[in-house]
Amino acid sequence: MMQTHSQTTWSAIVLAAGEGTRMKSSRPKVLHEIAGRALVSWVVQTALDAGAARCLVVVGHGRDDVEGELVSRFGERVEMVLQPEQRGTGDAVRCAMEADRALEGRLVVLYGDCPLIPAGLLRDLVDRSDRAGADLGLVTATLVDPSGYGRIVRNGAGDVQRIVEDRDCSAAERAIQEVNPGLYAVRGDFLREAIAQLTPDNAQGQLYLTDVVELAANQGKVVDLRGDMADMTGVNDQCDLAIAASTRRRRIAEELARKGVGIADLDTVYVDAECEVEPGATLGANVHLRGRCVVRSGARIDVGCVLTNIIVEKDANVLPYTVAADSTIGEGAQVGPFSHLRPQTQLGPRSKVGNFSETKKTTVGEGSKVNHLSYVGNGVIGEGVNIGAGTIFCNYDGEQKHTTVLEDGVFIGSDTQLIAPVTVKKGAYVASGTTVTRDVPEGALAVSRPKQENKEGYAARLRARLRGKKDP
Ligand code: UD1
Ligand code: CA
(Lines give C-alpha, C1' and ligand atoms only; values in the text may rest on other atoms or scores of the structure.)
(Ligands and ions follow the chains in the order given, each with its own letter.)
Protein backbone atom coordinates (compact mmCIF):
# COMPACT_ATOMS: atom_id res chain seq x y z
CA MET A 1 0.00 0.00 0.00
CA MET A 2 1.23 3.47 -0.87
CA GLN A 3 1.97 5.57 2.19
CA THR A 4 1.25 9.22 1.62
CA HIS A 5 3.30 11.66 3.58
CA SER A 6 3.26 15.41 3.62
CA GLN A 7 5.96 17.05 1.61
CA THR A 8 6.97 19.62 4.22
CA THR A 9 10.64 19.76 4.91
CA TRP A 10 11.65 19.29 8.50
CA SER A 11 14.87 19.22 10.45
CA ALA A 12 16.02 17.03 13.29
CA ILE A 13 17.68 18.10 16.54
CA VAL A 14 19.36 15.21 18.33
CA LEU A 15 20.33 15.79 21.97
CA ALA A 16 23.62 14.12 22.79
CA ALA A 17 25.44 16.38 25.23
CA GLY A 18 24.72 14.56 28.49
CA GLU A 19 27.32 12.64 30.45
CA GLY A 20 25.26 9.59 31.26
CA THR A 21 26.47 9.15 34.84
CA ARG A 22 24.12 6.21 35.34
CA MET A 23 26.19 4.20 32.83
CA LYS A 24 29.11 4.15 35.32
CA SER A 25 31.45 4.32 32.35
CA SER A 26 34.19 6.70 31.25
CA ARG A 27 32.81 6.71 27.72
CA PRO A 28 30.11 9.30 26.90
CA LYS A 29 26.77 7.50 27.07
CA VAL A 30 25.73 8.14 23.48
CA LEU A 31 28.90 6.43 22.22
CA HIS A 32 28.02 3.09 23.77
CA GLU A 33 27.25 0.69 20.97
CA ILE A 34 24.51 -1.69 20.05
CA ALA A 35 25.10 -4.00 17.10
CA GLY A 36 28.40 -2.23 16.46
CA ARG A 37 26.90 1.25 16.08
CA ALA A 38 26.93 4.07 18.64
CA LEU A 39 23.59 4.98 20.22
CA VAL A 40 23.71 8.51 18.79
CA SER A 41 24.48 7.16 15.31
CA TRP A 42 21.40 4.95 15.41
CA VAL A 43 19.31 8.04 16.15
CA VAL A 44 20.96 10.18 13.48
CA GLN A 45 20.59 7.38 10.94
CA THR A 46 16.88 7.13 11.78
CA ALA A 47 16.41 10.88 11.31
CA LEU A 48 18.19 10.79 7.94
CA ASP A 49 16.28 7.68 6.82
CA ALA A 50 13.02 9.37 7.77
CA GLY A 51 13.89 12.28 5.49
CA ALA A 52 15.23 15.05 7.73
CA ALA A 53 16.44 17.92 5.54
CA ARG A 54 19.03 18.85 8.15
CA CYS A 55 20.27 17.04 11.22
CA LEU A 56 21.73 19.04 14.12
CA VAL A 57 23.37 17.19 16.97
CA VAL A 58 23.83 18.94 20.30
CA VAL A 59 27.13 17.84 21.81
CA GLY A 60 28.84 18.69 25.09
CA HIS A 61 30.19 15.99 27.32
CA GLY A 62 32.99 14.14 25.50
CA ARG A 63 32.28 16.28 22.46
CA ASP A 64 35.50 15.48 20.60
CA ASP A 65 34.76 11.78 20.66
CA VAL A 66 31.08 12.24 19.84
CA GLU A 67 31.89 14.58 16.95
CA GLY A 68 34.57 12.19 15.73
CA GLU A 69 32.11 9.33 15.57
CA LEU A 70 29.48 11.40 13.78
CA VAL A 71 31.81 13.02 11.27
CA SER A 72 33.43 9.71 10.35
CA ARG A 73 30.06 8.10 9.79
CA PHE A 74 27.90 10.88 8.37
CA GLY A 75 30.33 13.55 7.15
CA GLU A 76 28.55 16.73 6.19
CA ARG A 77 25.10 15.33 6.67
CA VAL A 78 25.28 16.26 10.36
CA GLU A 79 25.87 19.68 11.93
CA MET A 80 27.24 20.02 15.45
CA VAL A 81 26.04 22.46 18.06
CA LEU A 82 27.78 22.92 21.39
CA GLN A 83 25.92 22.96 24.68
CA PRO A 84 28.67 24.29 26.98
CA GLU A 85 27.02 23.22 30.24
CA GLN A 86 24.51 20.43 30.59
CA ARG A 87 21.62 22.35 32.07
CA GLY A 88 18.88 20.06 30.83
CA THR A 89 17.15 18.95 27.65
CA GLY A 90 15.38 22.32 27.27
CA ASP A 91 18.71 24.11 27.48
CA ALA A 92 20.15 21.77 24.86
CA VAL A 93 17.39 22.70 22.41
CA ARG A 94 17.90 26.37 23.27
CA CYS A 95 21.55 26.02 22.23
CA ALA A 96 20.52 24.57 18.87
CA MET A 97 17.97 27.33 18.25
CA GLU A 98 20.45 30.05 19.19
CA ALA A 99 23.25 28.59 17.14
CA ASP A 100 21.07 28.65 14.08
CA ARG A 101 18.62 31.50 13.68
CA ALA A 102 17.62 30.11 10.31
CA LEU A 103 16.30 26.94 11.89
CA GLU A 104 12.62 26.93 11.01
CA GLY A 105 9.81 24.81 9.65
CA ARG A 106 8.95 21.75 11.66
CA LEU A 107 11.62 20.60 14.05
CA VAL A 108 11.79 17.06 15.31
CA VAL A 109 13.60 16.73 18.63
CA LEU A 110 15.04 13.34 19.53
CA TYR A 111 17.16 12.08 22.39
CA GLY A 112 20.49 10.56 21.44
CA ASP A 113 19.96 7.69 23.85
CA CYS A 114 16.86 6.19 22.16
CA PRO A 115 18.33 3.87 19.52
CA LEU A 116 15.34 1.76 18.50
CA ILE A 117 12.96 4.34 17.04
CA PRO A 118 11.77 3.30 13.57
CA ALA A 119 12.06 5.87 10.78
CA GLY A 120 8.41 5.22 9.88
CA LEU A 121 7.26 6.44 13.28
CA LEU A 122 9.13 9.72 12.79
CA ARG A 123 7.52 10.22 9.41
CA ASP A 124 4.09 9.47 10.88
CA LEU A 125 4.68 11.97 13.68
CA VAL A 126 5.68 14.75 11.29
CA ASP A 127 2.78 13.91 9.06
CA ARG A 128 0.17 13.85 11.81
CA SER A 129 1.45 17.08 13.30
CA ASP A 130 1.36 18.86 9.92
CA ARG A 131 -2.07 17.63 8.95
CA ALA A 132 -3.51 18.69 12.29
CA GLY A 133 -1.71 22.04 12.08
CA ALA A 134 -0.39 21.30 15.56
CA ASP A 135 2.15 23.42 17.36
CA LEU A 136 3.48 20.27 18.93
CA GLY A 137 3.11 16.59 18.18
CA LEU A 138 4.42 13.89 20.48
CA VAL A 139 4.43 10.13 20.83
CA THR A 140 3.29 8.37 23.98
CA ALA A 141 3.47 4.75 25.07
CA THR A 142 2.16 2.68 27.93
CA LEU A 143 4.40 0.70 30.24
CA VAL A 144 3.67 -1.83 32.97
CA ASP A 145 6.58 -0.35 34.92
CA PRO A 146 6.79 3.34 33.96
CA SER A 147 9.45 4.26 36.51
CA GLY A 148 12.20 6.55 35.27
CA TYR A 149 10.16 8.02 32.41
CA GLY A 150 8.24 11.29 32.32
CA ARG A 151 4.49 10.66 32.79
CA ILE A 152 1.79 11.94 30.45
CA VAL A 153 -0.84 13.93 32.32
CA ARG A 154 -4.17 14.22 30.49
CA ASN A 155 -7.15 16.40 31.36
CA GLY A 156 -10.76 15.26 31.84
CA ALA A 157 -11.34 15.39 28.08
CA GLY A 158 -8.40 13.05 27.56
CA ASP A 159 -6.15 15.69 26.00
CA VAL A 160 -2.45 15.79 26.82
CA GLN A 161 -1.93 18.54 29.40
CA ARG A 162 1.69 18.27 30.44
CA ILE A 163 4.57 15.92 31.18
CA VAL A 164 5.80 15.42 34.70
CA GLU A 165 9.26 13.96 35.27
CA ASP A 166 9.63 10.85 37.42
CA ARG A 167 11.45 12.78 40.16
CA ASP A 168 8.79 15.49 40.26
CA CYS A 169 5.78 13.13 40.36
CA SER A 170 3.16 13.21 43.09
CA ALA A 171 2.07 9.76 44.32
CA ALA A 172 -0.92 9.87 41.98
CA GLU A 173 1.18 10.93 39.00
CA ARG A 174 3.71 8.23 39.72
CA ALA A 175 0.98 5.64 39.14
CA ILE A 176 0.36 6.88 35.58
CA GLN A 177 1.51 4.24 33.14
CA GLU A 178 1.44 6.36 30.00
CA VAL A 179 4.94 7.72 29.48
CA ASN A 180 6.94 10.10 27.33
CA PRO A 181 9.36 8.15 25.12
CA GLY A 182 10.82 11.49 24.06
CA LEU A 183 10.16 12.40 20.50
CA TYR A 184 8.49 15.59 19.47
CA ALA A 185 7.64 17.43 16.26
CA VAL A 186 7.32 21.13 17.02
CA ARG A 187 6.70 24.20 14.87
CA GLY A 188 10.01 26.03 14.84
CA ASP A 189 8.68 29.49 15.71
CA PHE A 190 6.58 28.07 18.53
CA LEU A 191 9.57 26.12 19.90
CA ARG A 192 11.71 29.25 19.87
CA GLU A 193 9.16 31.14 21.95
CA ALA A 194 8.42 28.27 24.29
CA ILE A 195 12.06 27.52 25.07
CA ALA A 196 12.52 31.14 26.15
CA GLN A 197 9.79 30.64 28.77
CA LEU A 198 11.30 27.59 30.49
CA THR A 199 12.29 27.83 34.15
CA PRO A 200 14.39 25.46 36.26
CA ASP A 201 11.85 25.05 39.06
CA ASN A 202 12.02 21.28 39.35
CA ALA A 203 13.80 18.57 41.35
CA GLN A 204 16.93 18.74 39.18
CA GLY A 205 17.04 22.52 38.79
CA GLN A 206 17.27 22.08 35.01
CA LEU A 207 15.47 23.41 31.97
CA TYR A 208 13.16 20.60 30.91
CA LEU A 209 12.23 20.29 27.26
CA THR A 210 9.15 18.41 28.46
CA ASP A 211 7.74 21.65 29.92
CA VAL A 212 7.25 22.85 26.35
CA VAL A 213 4.34 20.40 26.16
CA GLU A 214 2.34 22.25 28.83
CA LEU A 215 3.00 25.57 27.08
CA ALA A 216 1.75 24.09 23.84
CA ALA A 217 -1.34 22.64 25.51
CA ASN A 218 -2.18 26.02 27.10
CA GLN A 219 -1.30 28.30 24.21
CA GLY A 220 -1.75 26.20 21.10
CA LYS A 221 -2.53 22.82 19.72
CA VAL A 222 -1.08 19.44 20.68
CA VAL A 223 -1.53 16.10 18.89
CA ASP A 224 -0.36 12.77 20.19
CA LEU A 225 0.35 9.45 18.61
CA ARG A 226 0.60 6.08 20.32
CA GLY A 227 3.84 4.18 19.91
CA ASP A 228 5.10 0.78 20.92
CA MET A 229 7.42 1.09 23.89
CA ALA A 230 9.61 -1.72 22.57
CA ASP A 231 10.68 0.78 19.90
CA MET A 232 11.50 3.52 22.33
CA THR A 233 13.69 2.18 25.10
CA GLY A 234 15.80 5.04 26.42
CA VAL A 235 19.25 3.94 27.50
CA ASN A 236 20.18 5.33 30.92
CA ASP A 237 22.17 2.45 32.43
CA GLN A 238 23.95 -0.74 31.40
CA CYS A 239 20.77 -2.77 31.82
CA ASP A 240 18.85 -0.54 29.41
CA LEU A 241 21.77 -0.87 26.99
CA ALA A 242 21.64 -4.66 27.17
CA ILE A 243 17.86 -4.64 26.66
CA ALA A 244 18.10 -2.32 23.65
CA ALA A 245 20.97 -4.38 22.21
CA SER A 246 19.05 -7.61 22.49
CA THR A 247 15.95 -6.09 20.88
CA ARG A 248 18.05 -4.78 18.00
CA ARG A 249 19.97 -8.04 17.65
CA ARG A 250 16.75 -10.01 17.37
CA ARG A 251 15.32 -7.58 14.80
CA ILE A 252 18.41 -7.83 12.61
CA ALA A 253 18.23 -11.64 12.73
CA GLU A 254 14.54 -11.59 11.81
CA GLU A 255 15.09 -9.16 8.93
CA LEU A 256 17.84 -11.39 7.53
CA ALA A 257 15.69 -14.51 7.84
CA ARG A 258 12.76 -12.75 6.11
CA LYS A 259 14.93 -11.82 3.15
CA GLY A 260 16.19 -15.36 2.68
CA VAL A 261 19.20 -15.90 4.92
CA GLY A 262 19.17 -19.24 6.73
CA ILE A 263 19.24 -18.49 10.46
CA ALA A 264 19.65 -21.55 12.69
CA ASP A 265 18.59 -19.73 15.85
CA LEU A 266 16.99 -16.29 15.91
CA ASP A 267 17.95 -15.92 19.56
CA THR A 268 21.71 -16.36 19.24
CA VAL A 269 22.78 -14.91 15.91
CA TYR A 270 24.63 -11.61 16.41
CA VAL A 271 25.01 -9.50 13.28
CA ASP A 272 26.26 -5.93 13.50
CA ALA A 273 24.35 -3.16 11.75
CA GLU A 274 26.99 -2.60 9.08
CA CYS A 275 27.24 -6.24 7.96
CA GLU A 276 25.74 -7.52 4.74
CA VAL A 277 24.48 -11.08 4.40
CA GLU A 278 23.08 -12.15 1.06
CA PRO A 279 19.97 -14.30 0.66
CA GLY A 280 20.99 -17.93 0.33
CA ALA A 281 23.74 -17.71 2.92
CA THR A 282 23.27 -19.54 6.23
CA LEU A 283 24.32 -18.60 9.75
CA GLY A 284 24.55 -21.21 12.51
CA ALA A 285 23.70 -20.77 16.16
CA ASN A 286 25.92 -18.44 18.17
CA VAL A 287 27.51 -16.89 15.12
CA HIS A 288 28.82 -13.34 15.61
CA LEU A 289 29.40 -11.12 12.58
CA ARG A 290 31.08 -7.92 13.74
CA GLY A 291 32.06 -4.69 12.11
CA ARG A 292 31.62 -4.74 8.35
CA CYS A 293 31.34 -8.35 7.24
CA VAL A 294 30.02 -9.39 3.84
CA VAL A 295 28.68 -12.92 3.46
CA ARG A 296 27.81 -13.90 -0.09
CA SER A 297 25.07 -16.24 -1.16
CA GLY A 298 25.64 -19.95 -0.67
CA ALA A 299 28.23 -19.35 2.04
CA ARG A 300 27.71 -21.22 5.30
CA ILE A 301 28.94 -19.96 8.64
CA ASP A 302 28.61 -22.76 11.15
CA VAL A 303 28.10 -22.77 14.93
CA GLY A 304 30.08 -20.43 17.14
CA CYS A 305 32.13 -18.54 14.54
CA VAL A 306 33.24 -15.02 15.46
CA LEU A 307 34.03 -13.02 12.31
CA THR A 308 35.08 -9.37 12.34
CA ASN A 309 35.34 -7.41 9.07
CA ILE A 310 35.45 -10.59 6.99
CA ILE A 311 34.40 -11.05 3.39
CA VAL A 312 33.08 -14.56 2.84
CA GLU A 313 32.71 -15.24 -0.85
CA LYS A 314 30.08 -17.44 -2.48
CA ASP A 315 29.71 -21.04 -1.34
CA ALA A 316 32.53 -20.82 1.19
CA ASN A 317 32.15 -23.07 4.20
CA VAL A 318 33.25 -21.77 7.58
CA LEU A 319 33.16 -24.66 10.04
CA PRO A 320 32.44 -24.34 13.77
CA TYR A 321 34.34 -22.10 16.16
CA THR A 322 36.43 -20.27 13.61
CA VAL A 323 37.70 -16.87 14.76
CA ALA A 324 38.69 -14.45 12.00
CA ALA A 325 39.35 -10.74 11.54
CA ASP A 326 40.05 -8.31 8.67
CA SER A 327 40.42 -11.02 6.03
CA THR A 328 38.83 -12.57 2.95
CA ILE A 329 37.63 -16.14 2.52
CA GLY A 330 37.49 -17.01 -1.16
CA GLU A 331 34.74 -18.62 -3.17
CA GLY A 332 34.17 -22.25 -2.18
CA ALA A 333 36.99 -22.13 0.37
CA GLN A 334 36.77 -24.07 3.60
CA VAL A 335 37.93 -22.86 6.99
CA GLY A 336 37.79 -24.53 10.39
CA PRO A 337 36.75 -26.07 12.66
CA PHE A 338 38.81 -24.10 15.18
CA SER A 339 40.83 -22.00 12.73
CA HIS A 340 42.18 -18.55 13.50
CA LEU A 341 42.52 -16.10 10.63
CA ARG A 342 44.29 -12.93 11.70
CA PRO A 343 44.34 -9.66 9.75
CA GLN A 344 45.25 -9.54 6.08
CA THR A 345 44.66 -13.19 5.35
CA GLN A 346 43.43 -13.70 1.78
CA LEU A 347 42.21 -17.19 1.08
CA GLY A 348 41.86 -17.99 -2.60
CA PRO A 349 39.01 -19.92 -4.19
CA ARG A 350 38.60 -23.50 -2.94
CA SER A 351 41.56 -23.22 -0.58
CA LYS A 352 41.42 -24.83 2.86
CA VAL A 353 42.55 -23.85 6.31
CA GLY A 354 41.87 -26.56 8.84
CA ASN A 355 41.76 -27.14 12.56
CA PHE A 356 44.16 -25.31 14.85
CA SER A 357 45.83 -23.50 11.98
CA GLU A 358 46.60 -19.80 12.39
CA THR A 359 47.17 -17.41 9.52
CA LYS A 360 48.27 -13.76 9.41
CA LYS A 361 49.08 -11.38 6.54
CA THR A 362 49.16 -14.27 4.12
CA THR A 363 47.68 -15.00 0.73
CA VAL A 364 46.72 -18.58 0.01
CA GLY A 365 46.31 -19.42 -3.67
CA GLU A 366 43.50 -21.33 -5.31
CA GLY A 367 43.11 -24.89 -4.03
CA SER A 368 45.99 -24.69 -1.56
CA LYS A 369 45.68 -26.35 1.83
CA VAL A 370 46.84 -25.53 5.35
CA ASN A 371 44.88 -28.28 6.94
CA HIS A 372 46.29 -29.00 10.37
CA LEU A 373 48.02 -27.28 13.28
CA SER A 374 50.12 -24.81 11.32
CA TYR A 375 51.19 -21.19 11.66
CA VAL A 376 51.52 -19.25 8.43
CA GLY A 377 52.39 -15.58 8.87
CA ASN A 378 53.73 -13.07 6.31
CA GLY A 379 53.32 -15.68 3.60
CA VAL A 380 52.70 -15.70 -0.11
CA ILE A 381 51.37 -19.12 -1.02
CA GLY A 382 50.72 -19.99 -4.65
CA GLU A 383 48.13 -22.32 -6.16
CA GLY A 384 47.86 -26.04 -5.46
CA VAL A 385 50.25 -25.91 -2.50
CA ASN A 386 49.93 -28.50 0.25
CA ILE A 387 51.21 -27.61 3.69
CA GLY A 388 51.60 -30.59 6.05
CA ALA A 389 50.58 -30.73 9.68
CA GLY A 390 52.59 -28.70 12.15
CA THR A 391 54.31 -26.44 9.63
CA ILE A 392 55.59 -23.13 10.97
CA PHE A 393 56.49 -20.00 9.04
CA CYS A 394 59.21 -18.57 11.32
CA ASN A 395 58.50 -15.00 10.25
CA TYR A 396 59.89 -13.02 13.18
CA ASP A 397 63.54 -12.65 14.12
CA GLY A 398 62.81 -10.63 17.23
CA GLU A 399 63.17 -7.35 15.34
CA GLN A 400 61.42 -7.67 12.00
CA LYS A 401 58.87 -9.76 10.15
CA HIS A 402 60.01 -11.56 6.99
CA THR A 403 58.19 -13.17 4.11
CA THR A 404 57.93 -16.84 3.19
CA VAL A 405 57.07 -17.54 -0.45
CA LEU A 406 55.77 -20.93 -1.56
CA GLU A 407 55.31 -21.02 -5.32
CA ASP A 408 52.64 -22.99 -7.19
CA GLY A 409 52.51 -26.75 -6.65
CA VAL A 410 54.90 -26.83 -3.69
CA PHE A 411 54.55 -29.68 -1.19
CA ILE A 412 55.62 -29.04 2.40
CA GLY A 413 55.99 -32.17 4.56
CA SER A 414 54.72 -32.19 8.12
CA ASP A 415 56.63 -30.56 10.95
CA THR A 416 58.59 -28.21 8.73
CA GLN A 417 59.95 -24.86 9.81
CA LEU A 418 60.56 -22.24 7.14
CA ILE A 419 62.94 -19.56 8.42
CA ALA A 420 61.95 -16.38 6.60
CA PRO A 421 62.91 -14.67 4.39
CA VAL A 422 62.84 -17.77 2.23
CA THR A 423 61.33 -18.97 -1.05
CA VAL A 424 60.40 -22.48 -2.13
CA LYS A 425 60.22 -22.43 -5.90
CA LYS A 426 57.66 -24.03 -8.19
CA GLY A 427 56.84 -27.68 -7.66
CA ALA A 428 59.58 -28.21 -5.06
CA TYR A 429 59.20 -30.72 -2.28
CA VAL A 430 60.24 -30.22 1.35
CA ALA A 431 60.64 -33.41 3.34
CA SER A 432 58.95 -33.77 6.73
CA GLY A 433 60.85 -32.38 9.67
CA THR A 434 63.00 -30.10 7.56
CA THR A 435 64.21 -26.72 8.74
CA VAL A 436 64.36 -24.62 5.59
CA THR A 437 66.92 -21.84 5.88
CA ARG A 438 67.83 -21.32 2.22
CA ASP A 439 65.71 -20.97 -0.92
CA VAL A 440 64.68 -24.27 -2.52
CA PRO A 441 65.12 -24.37 -6.34
CA GLU A 442 62.28 -25.25 -8.69
CA GLY A 443 61.49 -28.97 -8.68
CA ALA A 444 64.08 -29.77 -5.96
CA LEU A 445 63.71 -31.79 -2.77
CA ALA A 446 64.89 -30.11 0.42
CA VAL A 447 65.65 -32.34 3.35
CA SER A 448 67.53 -31.46 6.51
CA ARG A 449 67.51 -34.22 9.02
CA PRO A 450 69.96 -36.86 10.27
CA LYS A 451 69.76 -40.22 8.49
CA GLN A 452 67.76 -42.81 10.38
CA GLU A 453 69.61 -45.76 11.95
CA ASN A 454 67.79 -48.98 13.02
CA LYS A 455 69.46 -51.12 15.73
CA GLU A 456 68.04 -54.63 15.37
CA GLY A 457 66.75 -56.19 18.60
CA TYR A 458 67.71 -53.17 20.62
CA ALA A 459 64.25 -52.53 22.06
CA ALA A 460 64.23 -55.57 24.33
CA ARG A 461 67.75 -54.85 25.62
CA LEU A 462 66.84 -51.28 26.34
CA ARG A 463 63.67 -52.28 28.16
CA ALA A 464 65.57 -54.75 30.36
CA ARG A 465 68.19 -52.21 31.21
CA LEU A 466 65.61 -49.63 32.15
CA ARG A 467 63.92 -52.19 34.46
CA GLY A 468 67.29 -52.82 36.17
CA LYS A 469 67.64 -56.42 34.92
CA LYS A 470 70.58 -57.97 33.15
CA ASP A 471 70.50 -58.34 29.38
CA PRO A 472 68.49 -61.43 28.38
C1 UD1 B 1 14.06 12.31 29.27
C2 UD1 B 1 12.74 13.07 29.41
C3 UD1 B 1 11.67 12.13 29.94
C4 UD1 B 1 11.53 10.94 29.03
C5 UD1 B 1 12.87 10.26 28.80
C6 UD1 B 1 12.72 9.25 27.67
C7 UD1 B 1 13.29 15.40 29.88
C8 UD1 B 1 13.37 16.44 30.94
N9 UD1 B 1 12.92 14.20 30.28
O10 UD1 B 1 14.46 11.92 30.57
O11 UD1 B 1 10.41 12.80 30.04
O12 UD1 B 1 10.58 10.02 29.56
O13 UD1 B 1 13.88 11.19 28.41
O14 UD1 B 1 13.89 8.51 27.47
O15 UD1 B 1 13.52 15.73 28.74
N16 UD1 B 1 20.95 15.86 27.12
C17 UD1 B 1 21.62 16.97 26.63
N18 UD1 B 1 21.87 18.03 27.43
C19 UD1 B 1 21.45 18.08 28.72
C20 UD1 B 1 20.75 16.96 29.23
C21 UD1 B 1 20.51 15.87 28.42
O22 UD1 B 1 22.03 16.97 25.46
O23 UD1 B 1 21.70 19.10 29.38
C24 UD1 B 1 20.70 14.70 26.26
C25 UD1 B 1 21.35 13.44 26.80
O26 UD1 B 1 22.63 13.26 26.22
C27 UD1 B 1 20.38 12.35 26.36
C28 UD1 B 1 19.04 13.06 26.23
O29 UD1 B 1 19.32 14.43 26.21
O30 UD1 B 1 20.73 11.79 25.12
C31 UD1 B 1 18.08 12.71 27.35
O32 UD1 B 1 18.66 13.05 28.61
P33 UD1 B 1 18.46 12.14 29.88
O34 UD1 B 1 19.18 12.78 31.01
O35 UD1 B 1 18.77 10.75 29.57
O36 UD1 B 1 16.87 12.31 30.12
P37 UD1 B 1 15.92 11.31 30.91
O38 UD1 B 1 16.12 11.48 32.36
O39 UD1 B 1 16.02 9.96 30.35
CA1 CA C 1 17.41 9.05 28.88
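**Entry: proline 115**

I looked up proline 115 and found that this residue counts as buried, at 1% relative accessibility. For my own reference, buried means under 20% relative accessible area, exposed means over 50%, and partly exposed is in between, with a 1.4 Å probe and protein chains only. Proline 115 lies in the loop between strand E6 (106–111) and helix H4 (119–131). Helices (H or I, at least four residues) and strands (E, at least two) are DSSP runs, numbered from the N terminus. I also checked a distance: proline 115 and glycine 220 are 105 residues apart in sequence and 30 Å apart in space, C-alpha to C-alpha.

**A note on what I am looking at**

This is a predicted model, in which local features need pLDDT of at least 70, side-chain atom pairs count only at pLDDT 80 or more, and totals for chains, interfaces and linings use all residues. Residues are numbered from 1 along each chain as its sequence is written, chains are lettered from A and ligands numbered from 1 in the order in which they are written, and side-chain values use heavy atoms, with hydrogens and water left out.

**Entry: ligand 1**

Which residues come nearest to ligand 1? I found 23 residues around the ligand, and Gln83, Gly88, Tyr111, Glu165 and Asn180 come nearest. A residue is near a molecule or strand if one of its heavy atoms lies within 4 Å of it. By class, I noted eight nonpolar, ten polar and five charged residues in the shell. Here Ala, Val, Leu, Ile, Met, Phe, Trp, Tyr, Cys and Pro count as nonpolar, Asp, Glu, Lys and Arg as charged, and the others, Gly among them, as polar.

Next I looked at polar contacts, each a pair of N or O atoms within 3.5 Å; within protein, one must be able to donate a hydrogen and the other to accept it, and residues adjacent in sequence count only if both atoms are side-chain atoms. A backbone N or O atom of glycine 18 is 2.8 Å from an oxygen atom of ligand 1. For glycine 112, a polar backbone atom is 3.4 Å from an oxygen atom of the ligand. Glutamate 165 uses its side chain: a polar atom there lies 2.6 Å from an oxygen atom of ligand 1.

How much of ligand 1 does the protein cover? The ligand has 760 Å² of accessible area on its own, and the protein covers 91% of this. Such areas come from the Shrake-Rupley method with a 1.4 Å probe; for residues, only the protein chains shown count as cover. Two elements give two or more residues to the shell around the ligand: strand E1 (10–16) and helix H3 (89–99).

**Entry: the loop between E23 and E24**

Then I moved to the loop between strand E23 (334–335) and strand E24 (340–341), where I found serine 339. Is serine 339 buried or exposed? Serine 339 has a relative accessible area of 2%, so this residue is buried. A polar atom of the serine 339 side chain lies 2.6 Å from the backbone oxygen of glycine 354.

Proline 337 is in this loop too, between E23 and E24. The peptide bond that joins glycine 336 and proline 337 is cis, with omega about 0 degrees. Phenylalanine 338 also has its place between E23 and E24, and its phi is near 60 degrees, a positive value in a residue other than glycine. Most residues other than glycine have a negative phi, and most peptide bonds are trans. I noted phenylalanine 338 as partly exposed because its relative accessible area is 42%.

**Entry: another cis bond and another positive phi**

I found a cis peptide bond from alanine 420 to proline 421, with omega near 5 degrees. Proline 421 is placed in the loop between strand E34 (417–419) and strand E35 (422–424). Lysine 361 has a positive phi of about 40 degrees, although this residue is not a glycine. I located lysine 361 in strand E27 (residues 358–364), and at a relative accessible area of 41% this lysine is partly exposed.

**Entry: threonine 434**

My last stop was the loop between strand E36 (429–430) and strand E37 (435–436), which holds threonine 434. Threonine 434 is buried, with a relative accessible area of 2%. The threonine 434 side chain reaches the backbone nitrogen of serine 448 at 3.3 Å.
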